[in-house]
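Subject: Structure for you to look at

Hello,

Please find the structure below. Have a look at it first, then read the notes.

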Amino acid sequence: ALTNSISIDNCAEILLLADQHHSKELKCRVLQFIIHGNLKAITKTEGWSKYVACVPDLVTEVIQTTIGD
């Protein structure tokens with residue numbers, strides 16, 4: 001369902017939902033989507049600033065995933 005509908009426009013919201021609902025598989029899928037060439041475009045979306053940028057732990061997790069930490 002959600003794993004098949006991840007896009008640049010909605011991935012920030014899906015990431016936050018996955019985090020809030022402790023859905024490890026969905027969260028992993030979204031993080032993989034983000035780090036595979038979509039990070040720059042995603043951070044420019046309204047969803048990023050509305051949903052993720054306000055949650056420092058998620059921003060940190062995205063950064064750590066991106067750099068392979």
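This is a predicted model: local features need pLDDT of at least 70, side-chain atom pairs count only at pLDDT 80 or more; totals for chains, interfaces and linings use all residues.

Residues are numbered from 1 along each chain as its sequence is written, and side-chain values use heavy atoms, with hydrogens and water left out.

The protein has five helices and zero strands (DSSP runs, numbered from the N terminus: H or I of at least four residues for helices, E of at least two for strands). Of its 69 residues, 29% are buried (under 20% relative accessible area; exposed is over 50%, partly exposed in between, with a 1.4 Å probe and protein chains only). The C-alpha atoms fill a box of roughly 25 × 25 × 20 Å along the principal axes.

Now to helix α2. It covers residues 24–35, and its 12 residues reach 16 Å from first C-alpha to last, close to the expected 16 Å (1.5 Å times one less than the number of residues). Leu26, Lys27, Val30, Leu31 and Ile34 are buried in α2. Seen down the axis, these buried residues fall within an arc of 135°, so they line one face of α2 (the arc is that of the directions from the helix axis to the C-beta atoms). They pack against α1 (11–20), α3 (39–42) and α5 (56–67). On the face turned away from the buried side, α2 carries the exposed residues Lys24 and Glu25. Just after α2, glycine 37 has a positive phi of about 90°.

Regards

Key:
Contact means heavy atoms within 4.5 Å.
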